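Me: I would like to learn how to read some features of a protein model. Please take them one at a time, with the general idea before the case.

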Amino acid sequence: MLVRDLMNPSVVTVEPTSSAALAARLIGRHNVGALPVCGSDGRLRGMVTDRDIVLRCVAAEEDPAQTPVRDIMTRSCTTVSPGDDCREATRLMSVQQVRRLPVVDQGRLVGMISLSDLARSRRYDMEAAQALCEISENIIIG
């Protein structure tokens, strides 16, 4: 099965110039843990998580309303393409210690795939469970 078969093509994004406060509101409103950061051209620039907002903005005593997302986002993101095998997506999540990956086609964001997408498919529930164990283990140990 390919990533395109399981990915979510409806992705909420934020621009690099948007405020951390807006990113936090979008994360809360859409009940997601991370937002892809895309330019007006649809190209992926990075990812911002709820944890990025807390640690890199709030805990650093920066004003979320005045802090642009580009200052707190993670720039180097691992991605997959729609034509990649789902096992590769699971492997990358495990290696990179992430629960979701942006799906990029020719530089443009076309979707997101998460461990829960893979687990719900039932074909990859064992791989997803193993990846989650490895991610969780690293968080506890690391």
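Me: How far is the sulfur of Cys38 from the closest cysteine sulfur, and in which residue is that sulfur?

Reply: A disulfide is a pair of cysteine sulfur atoms within 2.5 Å. The closest cysteine sulfur to that of Cys38 belongs to Cys77 and is 9.6 Å away, which is too far for a bond. By the 2.5 Å rule, the count for the structure is 0 disulfides. This is a predicted model, in which local features need pLDDT of at least 70 and side-chain atom pairs count only at pLDDT 80 or more, while totals for chains, interfaces and linings use all residues. Residues are numbered from 1 along each chain as its sequence is written, and side-chain values use heavy atoms, with hydrogens and water left out.

Me: Is Cys38 buried or exposed?

Reply: Burial is read from relative accessible area: buried means under 20%, exposed over 50%, and partly exposed in between (1.4 Å probe, protein chains only). Cys38 has 6% relative accessibility and therefore counts as buried. Cys86 is buried too, with a relative accessible area of 0%. For the protein chain of 142 residues, buried residues make up 40%.

Me: What secondary structure does the protein chain have?

Reply: Helices (H or I, at least four residues) and strands (E, at least two) are DSSP runs, numbered from the N terminus. The protein chain has 6 helices and 4 strands. Read from the N terminus, their order is α-α-β-β-α-α-β-β-α-α.

Me: How many residues of strand β1 are buried?

Reply: In β1 (residues 34-38), 5 of the 5 residues are buried, so the strand is largely enclosed by the rest of the structure. Side chains of a strand can be sorted by the way they point. Ala34, Pro36 and Cys38 point one way from β1, Leu35 and Val37 point the other way, and all are buried.

Me: In which sense do β1 and β2 pair?

Reply: Two strands pair if DSSP finds at least two bridges between them. β1 and β2 pair over 5 bridges in the antiparallel sense. One of the residues to look at is Leu35, whose bridge partner in β2 is Val48. The two strands form a hairpin with 5 residues between them, and Gly42 in the turn has a positive phi of about 85 degrees.

Me: Which residues of helix α3 are buried, and what do they pack against?

Reply: In α3 (residues 50-58), the buried residues are Asp52, Ile53 and Cys57. They cover an arc of only 95 degrees around the axis, which puts them on the same side of α3; the arc is that of the directions from the helix axis to the C-beta atoms. Packing is read from contacts, meaning heavy atoms within 4.5 Å. The buried residues of α3 pack against α2 (20-30) and β2 (44-49).

Me: How many salt bridges does the structure hold?

Reply: Side chains of opposite charge can pair when their charged atoms come close. A salt bridge here is a side-chain nitrogen of Lys or Arg within 4 Å of a carboxyl oxygen of Asp or Glu. The structure holds 3 salt bridges.

Me: What is the separation of the closest N and O atoms between Arg56 and Asp52?

Reply: Those atoms are 3.6 Å apart in the Arg56 to Asp52 salt bridge. The two residues are 4 residues apart in helix α3, so about one helical turn separates them. Arg56 is partly exposed at 41% relative accessible area, whereas Asp52, at 7%, counts as buried.

Me: Where do Arg91 and Glu88 lie?

Reply: Both lie in helix α4 (residues 86-96), 3 residues apart, about one turn of the helix. Arg91 is partly exposed, with a relative accessible area of 42%, and Glu88 is partly exposed at 29%.

Me: With which residue does Asp41 form a salt bridge?

Reply: The partner of Asp41 is Arg45, with the closest N and O atoms 3.5 Å apart. Asp41 is partly exposed at 31% relative accessible area, and Arg45 is partly exposed at 36%.

Me: Where is Ser19 found, and what does it touch?

Reply: Ser19 is in the loop between α1 (3-6) and α2, and at 18% relative accessibility it counts as buried. Leaving out residues up to four places away in sequence, Ser19 touches Pro64, Ala65, Thr67, Pro68 and Val69.
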